[in-house]
Amino acid sequence: MLIGVISDTHIPERALKIPEPVFEAFKDVEVIFHAGDLVSMDVLHELENLAPTLCVQGNVDRMCGLKLPKQEIVTIEGIKIGIDHGEVYPRGDTLQLKYIGMEMGVDVLISGHTHTSFIKEVGNILLLNPGSPTVPRMSDPSVMVLEIKDKKLDAKIIKIGESKCKSLNFKGRE
């Protein structure tokens, strides 16, 4: 099974639309997981045109009054996957994310909130964050694609554009 993973789209609050490369990255996915901060249900409807989409509530969604579940748990080929926005401080703190995953009783925790992608194994929980395709923080805009085959999960971060942060383009003195 091929799964598209996205988070922190912040449309129309901080970006106008989902970037076209996201649609290319997700063209063959069977389901999409959105780890929160859609900001508008229009984003969910647009993603659902590609594949069934499961979304959890992010901190900004809550402020915008979107009624979405705080967490979701899905089991695919015996792999228990949790989705939670990952609203921990400091952002992306892997120990706190591990404990969220443990509380959910999952093998894999998909989160967002950092706007920076990562794949990290902490203890016996795989932590996945697709970053943000529209407003990355000190990173490239990105999404993630998961392939689950023969009870094994393979996660890939997909860069969908150039960094918007000028300091990441620093070349040094010539």
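Strand β9 pairs with strand β10 (residues 152–159) through eight bridges, the two running antiparallel. Strands here are DSSP E runs of at least two residues, helices are H or I runs of at least four, and both are numbered from the N terminus; two strands pair if DSSP finds at least two bridges between them. This is a predicted model, where local features need pLDDT of at least 70 and side-chain atom pairs count only at pLDDT 80 or more, while totals for chains, interfaces and linings use all residues. Residues are numbered from 1 along each chain as its sequence is written, and side-chain values use heavy atoms, with hydrogens and water left out.

Across that pairing, valine 145 sits opposite lysine 156 in β10. In the hairpin, with two residues between the strands, aspartate 150 takes a positive phi near 55°. β9 also runs antiparallel to strand β1 (residues 2–6), joined by four bridges, and isoleucine 3 has leucine 146 as its bridge partner. Six of the eight β9 residues are buried (under 20% relative accessible area; exposed is over 50%, partly exposed in between, with a 1.4 Å probe and protein chains only), so the strand is largely enclosed by the rest of the structure.

Now for the charges: the whole structure has seven salt bridges, meaning a Lys or Arg side-chain nitrogen within 4 Å of an Asp or Glu carboxyl oxygen. Among them:

| Pair | N to O distance |
|---|---|
| Glutamate 24 and lysine 27 | 3.0 Å |
| Arginine 62 and glutamate 87 | 3.0 Å |
| Aspartate 140 and lysine 159 | 3.8 Å |

Aspartate 140, in the loop between β8 (125–130) and β9, is 19 residues from lysine 159 in strand β10.
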